[in-house]
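Good morning, and thank you for joining. I would like to take the group through one model, beginning with a helix and ending with some backbone details.

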Amino acid sequence: MEPSRDLPPGLRKQLDLPHAGLATFGHRPFLTEPEQLDSWQPDVAIVGAPFDISTTNRPGARFGPRAIRTQAYEPGTYHLDLGIEIFDWLEVVDYGDAHCPHGQTEVGHHNIRAKVAEVASRGIIPVILGGDHSITWPAATAVASHHGFGNVGIVHFDAHADTADIIEGNLASHGTPMRRLIESGAVLGRNFVQVGLRGYWPPEDVFQWMQDQGMRWHLMHEVWERGIAAVIEDAVAEALDGADHLYVSVDIDVLDPGFAPGTGTPEPGGMSPADLLRTVRALAMRTNLVALDVVEVAPAYDVSDNTVNNAHRVVFEALAGLAWQRREAAGGTAGPPAMSH
């Protein structure tokens, strides 16, 4: 069945208004129903996960999805380095937010998993905007449920490992999601790779648990010594050691807080945006990327929208890499028709 991608003239006009109109991610069409996903047949769907009741320090990441959509500077859609008009080669829609009622972790996580599953089960790549990092537990579970438990590797960019067993009685803290994913079998320990860890947490016993699961990690000190390109070559090989699909999870606090102050648990000594953005782009270009999340953007603590813009560009770099893949698969001369918008 051919995609049906016609937009009503009024909606098209709203999406074309610069710095105004409907606030969707990248001014993409806004879909609300699973049946619309079936008819539109996008390559990628943006999903918001406005959940932050599992934070251990500063709250506010529930406002991340809205801020990334509304406050990021929108410079255009032609990628200079790749020489590609992103949305000529990649069909992207905004599929709205999961409902995350306040104070109800189980309900919020259930709704996030269901929303992401509506996307992933159709072979569409979900890009999830958090929310605190606990949202990766339901989101990655939904993705693994479609592609097969144990068949999805994760490259996880973060200052913190998020592998605690329980924090102050909370099994669903933003410090525990990676342990939950491994314990459930959704992702095998050997396919879980972390990049950018630094600082003073987790403690030794948690690192021992990580080692016992076969997890791999690349501390920020290693990135400093070897360079990000060499580290990522290893990280991809490790994440896809027996797995066919890649999920990328970006906690914005992997960046040095000088670049991304708007986050709940800032840790000095982190990555630069130049390294992170080019790395995410390369992962999208060179692997079978099936999902991306960008989490822990807390705009109330941001300065000049630096954090929001960096998070927005993480997504745009992933989209550019996916568009490049599709252009290459088409021989670089032809591809899917551009959307009507």
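What covers the buried residues of helix 5? The cover includes helix 2 (34-40), strand 1 (44-49), strand 4 (92-97), strand 5 (125-130) and helix 6 (136-147). Covering here is a matter of contact, that is, heavy atoms within 4.5 Å. Helices (H or I, at least four residues) and strands (E, at least two) are DSSP runs, numbered from the N terminus.

Before I continue, a word on the source. This is a predicted model, in which local features need pLDDT of at least 70 and side-chain atom pairs count only at pLDDT 80 or more, while totals for chains, interfaces and linings use all residues. Residues are numbered from 1 along each chain as its sequence is written, and side-chain values use heavy atoms, with hydrogens and water left out.

Let me stay with helix 5. Its 16 residues, 105-120, should span 22 Å at 1.5 Å a residue, and the end C-alpha atoms are 22 Å apart, which agrees. The expected span is 1.5 Å times one less than the number of residues. Buried within this helix are Gly 108, His 109, Ile 112, Lys 115, Val 116, Val 119 and Ala 120. By buried I mean under 20% relative accessible area, by exposed over 50%, and by partly exposed anything in between, with a 1.4 Å probe and protein chains only. Down the axis of helix 5, the buried residues fall within an arc of 135°, so they line one face of the helix. That arc is taken from the directions from the helix axis to the C-beta atoms. As a reminder, an α-helix has 3.6 residues a turn, so residues three or four places apart point the same way. Glu 106 and His 110, on the other side of helix 5, are exposed.

Strand 4, part of that cover, contains Val 93. Val 93 has a relative accessible area of 0% and therefore counts as buried. Leaving aside neighbours within four places in sequence, Val 93 is in contact with Arg 28, Pro 29, Leu 31, Leu 37, Trp 40, Pro 42, Val 44, Ala 45 and Ile 46.

After helix 12 comes Gly 331, with a positive phi near 80°.

Of its 14 lining residues, Tyr 78, His 79, Leu 80, Arg 313 and Glu 317 are the closest to its centre.

The largest pocket has a volume of about 440 Å³. It is lined by 23 residues, of which Leu 17, Pro 18, His 19, His 27 and Glu 74 are the closest to the centre. Helix 1 (9-16) and helix 3 (64-70) each supply at least two residues of this lining.

A pocket, on a 1 Å grid over the protein atoms alone, is an open set of points where a 1.4 Å probe fits, with protein on both sides within 12 Å along at least five of seven lines; lining residues have an atom within 4 Å of a point. Grid points are joined across faces, edges and corners, and the volume is the space filled by probe spheres set on the points.

Finally, the backbone. Most residues other than glycine have a negative phi, and most peptide bonds are trans. Which peptide bond involving Gly 131 is cis? The bond from Gly 130 to Gly 131 is cis, with omega near 15°, and Gly 131 sits in the loop between strand 5 and helix 6. The bond from Trp 201 to Pro 202 is cis, with omega near 15°; Pro 202 is in the loop between strand 7 (192-197) and helix 8.

Gln 41, although not a glycine, has a positive phi of about 55°. Gln 41 lies in the loop between helix 2 and strand 1 and, at 28% relative accessibility, counts as partly exposed. Asp 162, not a glycine either, has a positive phi of about 60°. Asp 162 is buried, with a relative accessible area of 5%.
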